[in-house]
Amino acid sequence: MQNAEGMSKEQREALDTLFRNGPLDIGGDHVQQREIFTRMLTSRPLPEDVVLTPGRLGDIPVLEIDIDGVTPDGTLLWFHGGFYVFGSARTSAGLASNLARRTRTRVILVDYRLAPEHPFPAAPDDALAAYRALLGETKSGNPAPIAVVGESAGAGLAGALLVRAREQNLPMPAAGVLFSPYADLTLSGASMTTKIAVDPSFTPDAIAVRAKDYTGAADPADPLISPVFANLRGLPPLLIQAGSNELLLDDAVRLAARAAADDVPVTLEVTPGVPHLFQAFAPMLDEGEAALSRVTEFLHAAFTLPPRARTTARPHPDNVEPNG
């Protein structure tokens with residue numbers, strides 16, 4: 001009889017093969033690759049109890065996910081991945097609906113504008129507008145039942161949103177969950193070199209093409225482009241997850257270190273032997289299932305903390321401008 005470790009090894013190898021033999025070329029023509037990216041991530045039908053409702057949050061297009069028969073206990077404001085060039089709210093619906101069911105929350109997936117047609121700062125502008133509108137929906141402005149979630153570029157965008165919300169003295173959400181954050185567009189992390197052989201999905205050259213699409217004429221070290229360089233003080237509790245077999249591993253590690261240095265409650269989880277966004281493959285990968293279980297526990301704890309224990313935005317000396 002095969003033990004759990006042996007089964008997990010087979011699962012990881014099957015996922016690795018799937019990625020290496022897939023049609024997606026991250027560094028290729030962005031229009032063509034958008035179609036492939038979308039087809040890959042939307043080919044599997046969603047469970048029958050998943051209810052998708054297109055709408056707008058402020059002026060930003062969104063896709064709301066509810067689980068039929070479930071009264072939500074909170075809201076996840078979710079930003080999809082795709083290196084700021086690919087993807088949409090719909091491409092994240094599989095993972096988002098899985099987590100919505102586990103956490104008994106509704107998910108609002110944000111369709112922020114994509115590069116190269118809309119380079120920085122379009123995405124963080126859209127993220128901030130959506131967050132402001134969501135705060136307005138709570139009427140009191142109390143963000144207690146809100147968590148911010150992102151995958152890959154969406155995780156970097158979630159980090160940038162939290163920094164901007166703090167700078168503008170907006171109430172902080174209860175927590176942030178960052179899956180495999182793309183958080184350093186200078187591409188200076190050591191794992192961009194040391195993980196080339198084991199990352200089945202990406203190459204440094206391909207990521208560099210997409211980074212340039214997004215940054216345009218801006219400095220890739222801008223903290224709102226690369227949150228690893230941001231002042232994170234005052235942010236809510238963060239859970240950061242990554243796999244050890246990904247070029248972006250050091251983005252997650254360094255972002256967690258930055259948060260810890262800035263006195264942010266942060267949990268970093270690196271799962272050995274798995275690739276970028278392995279959580280999306282929880283139905284076929286034990287490590288993905290375990291990771292989502294830990295996310296569920298984290299969010300339950302964040303949503304049940306008494307209000308006085310939650311992080312609120314406070315002006316930081318570095319962010320106070322003269323004359324108000």
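**Exercise 1. Is Gln11 buried or exposed, and why?**

Before starting, note that this is a predicted model, where local features need pLDDT of at least 70, side-chain atom pairs count only at pLDDT 80 or more, and totals for chains, interfaces and linings use all residues. Residues are numbered from 1 along each chain as its sequence is written, and side-chain values use heavy atoms, with hydrogens and water left out.

Step 1: get the cut-offs. Buried means under 20% relative accessible area, exposed over 50%, and partly exposed in between (1.4 Å probe, protein chains only).

Step 2: check the value. Gln11 counts as buried because its relative accessibility is 13%.

Step 3: look around. Gln11 sits in helix H1, residues 4-20; helices are DSSP runs of H or I with at least four residues, strands are runs of E with at least two, and both are numbered from the N terminus. Skipping residues up to four places away in sequence, Gln11 touches Met284, Leu285, Asp286 and Glu287, where contact means heavy atoms within 4.5 Å.

**Exercise 2. Zoom out to the chain.**

Step 1: count nine helices and eight strands.

Step 2: of the 324 residues, 54% count as buried.
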